[in-house]
Amino acid sequence: MNFLKKNWSNILFILVILLLLIPQTRKPIQVTLNRLIAFSPSEIAEEKREVLEDYSWRLQDLDGEMHYFNEVEEEVVLVNFWATWCPPCIAEMPSFQKLYNDYGDKVRFYFVSSEEKERLLPFLEKKGYELPVYQPLSATPEKMRSNSLPTTYLISKTGKLVVDKKGAANWNDSKFRKLLDELLAE
């Protein structure tokens, strides 16, 4: 008993390490930790915002229908690059679903994944997500290229990149909702 009292923190540390080594427990732990540290995304300062000039991007939805990104010029657009295997991506999905439920008819949402439809559909169905998911058919516009997942961009009606967030965030935060409302009112 004395051994446990002296070494409880070491035992706990070893247990956590072991749980992280097991694939079935690692992912849920990573998702939970990412949710705990996900805060509202930061807005790019007005004077540092770049303008997205290239809207030539072809995408396909999961029903096989082709979409052209230039259809959303002069609209508020949120583009999220994600994958089903990415713990930070999974961590932020519930906040995206809540945001989409309230803003889906005002803001254009693009959840872009390079994964196969056969992998995406079961994931979305299992989690109960009803998000508009697309697969890229052409190169992403240069100002929205990133090697990180998740990466999310918020684009104003004038084409300015208002948010450029790499990593998980709480997208359903009141601060972010206020920003969306301001952009929609422009």
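Visitor: Which residue just after helix 4 takes a positive phi?
Guide: That residue is Gly 128, with a phi of about 75 degrees. Please keep in mind that this is a predicted model.

Visitor: And which residues of helix 4 are buried?
Guide: Helix 4 spans residues 117-127, and its buried residues are Leu 120, Phe 123 and Leu 124. Seen down the helix axis, these residues fall within an arc of 95 degrees, so they line one face of helix 4.

Visitor: Why would residues a few places apart point the same way?
Guide: An α-helix has 3.6 residues a turn, so residues three or four places apart point the same way.

Visitor: What do the buried residues of helix 4 pack against?
Guide: They pack against helix 3, which covers residues 87-103, and against strand 5.

Visitor: You mentioned strand 5. Which strand does strand 5 pair with?
Guide: Strand 5, residues 133-136, pairs with strand 1 in the antiparallel sense, over three bridges. Within this pairing, Tyr 134 of strand 5 is the bridge partner of Asp 61.

Visitor: How do the side chains of strand 1 point?
Guide: They alternate along residues 58-61.

Visitor: How many bridges join strand 1 to strand 2?
Guide: Three bridges join them, and the two strands run antiparallel. Strand 2 comprises residues 66-68, and there His 67 is the bridge partner of Leu 59.

Visitor: What lies between strand 1 and strand 2?
Guide: The two strands form a hairpin with four residues between them. In this hairpin, Gly 64 takes a positive phi near 90 degrees.

Visitor: Changing topic: how many disulfides are there?
Guide: The count comes to one disulfide. It joins Cys 86 to Cys 89, with an S to S distance of 2.4 Å.

Visitor: Are those two cysteines buried or exposed?
Guide: Cys 86 and Cys 89 are both buried.

Visitor: Why is the disulfide called right-handed?
Guide: The torsion about the S-S bond of Cys 86 and Cys 89 is about 75 degrees, so the disulfide is right-handed.

Visitor: Now the charged residues. How many salt bridges are found?
Guide: A search of the whole structure finds nine salt bridges. One of them links Arg 119 and Glu 115, at 3.1 Å from N to O. Arg 119 counts as partly exposed at 47% relative accessibility, whereas Glu 115 counts as buried at 10%.

Visitor: Which residues are linked in a network of salt bridges?
Guide: The network links Glu 43, Glu 46, Arg 49 and Lys 160. For Glu 46 and Arg 49, the closest N and O atoms are 3.2 Å apart. Glu 46 is partly exposed, with a relative accessible area of 45%, while Arg 49 is buried at 13% relative accessibility.

Visitor: Where do Lys 178 and Glu 182 lie?
Guide: Both lie in helix 5, residues 174-185, and they are four residues apart, about one turn of the helix. Lys 178 is exposed, with a relative accessible area of 53%, and Glu 182 is partly exposed, with 40%.

Conventions:
Residues are numbered from 1 along each chain as its sequence is written. This is a predicted model: local features need pLDDT of at least 70, side-chain atom pairs count only at pLDDT 80 or more; totals for chains, interfaces and linings use all residues. Side-chain values use heavy atoms; hydrogens and water are left out. Buried means under 20% relative accessible area, exposed over 50%, partly exposed in between (1.4 Å probe, protein chains only). Two strands pair if DSSP finds at least two bridges between them. A disulfide is a pair of cysteine sulfur atoms within 2.5 Å. The arc is that of the directions from the helix axis to the C-beta atoms. Contact means heavy atoms within 4.5 Å. A salt bridge is a side-chain nitrogen of Lys or Arg within 4 Å of a carboxyl oxygen of Asp or Glu.
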